Amino acid sequence: MTFTAEQLEIRALARDFAANEIAPHSEAWDAQRALPEELFRSLAELGFMGMRIPEEYGGLDLDLPTYLLVLEEIARADASVALSVAIHNGPVPALLMAYGSAEQKAAWLPRLASGELLGAFALSEADAGSDARALEATATRGDDGWLLSGSKAWVTNGDRAGLVVLFARIPDHGVGCFLVDPTTEGYSAGERVTTMGHRASETVTVELDDVRVPDVGLVGEAGRGLSYAMESLVLGRTGIAAQALGIAGAALEHATRYALEREQFGRALADFGATQAKLANMAARISGARAAVHEVGRRLDACRNGGVDVGTGSEDLGARAAGAKLLASETAMYAADEAVQIFGGYGYMRDYPVERLMRDAKGTEIFEGTSEIMRVVIARAILQAARES
């Protein structure tokens with residue numbers, strides 16, 4: 001992979017910020033299960049709350065590979081921060097840019113880019129996780145718009161957000177995509193769920209009790225929301241893959257430093273062949289996963305700019321994104337597991353960083369589609385192309 005001087009400069013900026021402003025606090029945030037407001041203000045000052053938003057709306061308009069580099073650096077310091085930033089920068093503005101009206105873009109994108117508002121994405125429900133077609137939250141026509149009822153699960157940024165992109169079933173018409181102001185009467189966020197990893201990230205269940213959304217709050221065509229959601233998941237999965245790279249990279253760094261410092265039987269752990277093999281395998285897998293993730297990023301940007309089509313079979317962009325997410329997330333879990341093993345008994349203790357990395361790595365195998373679903377997506381694309389050939 002070759003990156004431009006500008007891309008490397010932005011990565012260096014993200015790395016410096018992550019090392020100095022995030023990493024020193026990550027253990028405390030994990031224990032407190034909270035991220036401070038000032039963190040998001042600092043991210044906004046650097047432009048990192050508007051990375052994918054066009055300059056005309058106050059954003060940086062970064063290409064996708066650069067955006068992925070930033071996510072990786074943030075996740076290397078704290079995966080919870082990276083998850084919140086990715087939801088805000090990924091599917092939320094992407095849906096607005098692709099299908100929002102001029103009025104919707106003007107109303108929401110500048111406020112998202114400046115960090116005035118935090119974005120959230122509400123698709124999943126308690127009984128509709130991997131099977132998004134099973135949504136039960138409903139949107140019915142009212143006198144002057146829509147009334148939303150039901151509940152949404154696992155909504156990251158759901159309580160802190162100023163804008164929620166929410167999907168609900170329109171009876172007899174399919175699924176709609178709605179822009180919801182959380183201050184609207186009837187919208188309520190429940191208590192934060194307690195998760196294994198990404199503990200500092202705010203994940204809640206949202207209840208909808210006849211939440212009134214004006215007509216201008218419907219994105220695109222009524223009934224096409226599910227296709228919009230599936231399209232946004234391609235970007236979302238690529239973002240999760242970048243976060244997984246950051247977790248894996250952090251695991252390798254911690255394991256390497258510890259192996260050089262820790263002595264057993266009168267020798268540094270790094271002098272043992274078994275330890276060297278673990279470090280080598282971790283590095284090789286991370287390198288391969290990073291190549292796959294950035295190839296998807298490059299192709300997605302080219303597709304958006306008219307340079308390539310979506311492809312078929314294993315070359316299908318959705319399948320490629322699923323493959324990159326599968327490879328990167330399983331690499332993160334492998335690297336974290338090996339890092340814990342290198343740390344030995346200390347790796348199993350909360351006082352050492354690799355324990356948190358292992359918890360966070362597991363989340364990347366679940367968010368935006370489990371590893372099992374990723375394999376389904378890949379296999380489906382391959383088989384469909386074979387049937388059509």
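How many residues lie between β4 and β5 in their hairpin, and which residue in the turn has a positive phi?

1. This is a predicted model, in which local features need pLDDT of at least 70, side-chain atom pairs count only at pLDDT 80 or more, and totals for chains, interfaces and linings use all residues. Residues are numbered from 1 along each chain as its sequence is written, and side-chain values use heavy atoms, with hydrogens and water left out.

2. Three residues separate β4 and β5 in the hairpin, and aspartate 172 in the turn has a positive phi of about 70°. Strands here are DSSP runs (E, at least two residues), numbered from the N terminus. β4 (residues 163-170) and β5 run antiparallel and are joined by seven bridges; arginine 169 stands opposite valine 175 in β5.

3. β5 also pairs with β8 (residues 218-219) in the antiparallel sense, over two bridges, where pairing requires at least two DSSP bridges between the strands. Cysteine 177 has valine 219 in β8 as its bridge partner. Six of the seven residues of β5 (residues 174-180) are buried, so the strand is largely enclosed by the rest of the structure. Buried means under 20% relative accessible area, exposed over 50%, and partly exposed in between (1.4 Å probe, protein chains only).

4. The structure holds zero disulfides, a disulfide being a pair of cysteine sulfur atoms within 2.5 Å. The sulfur of cysteine 177 is 20 Å from the closest cysteine sulfur, in cysteine 303, which is too far for a bond. Cysteine 177 is buried at 0% relative accessibility, whereas cysteine 303 is partly exposed at 24%.

Note on methods:
Helix = DSSP H or I, 4+ residues; strand = E, 2+ residues; numbered from the N terminus.
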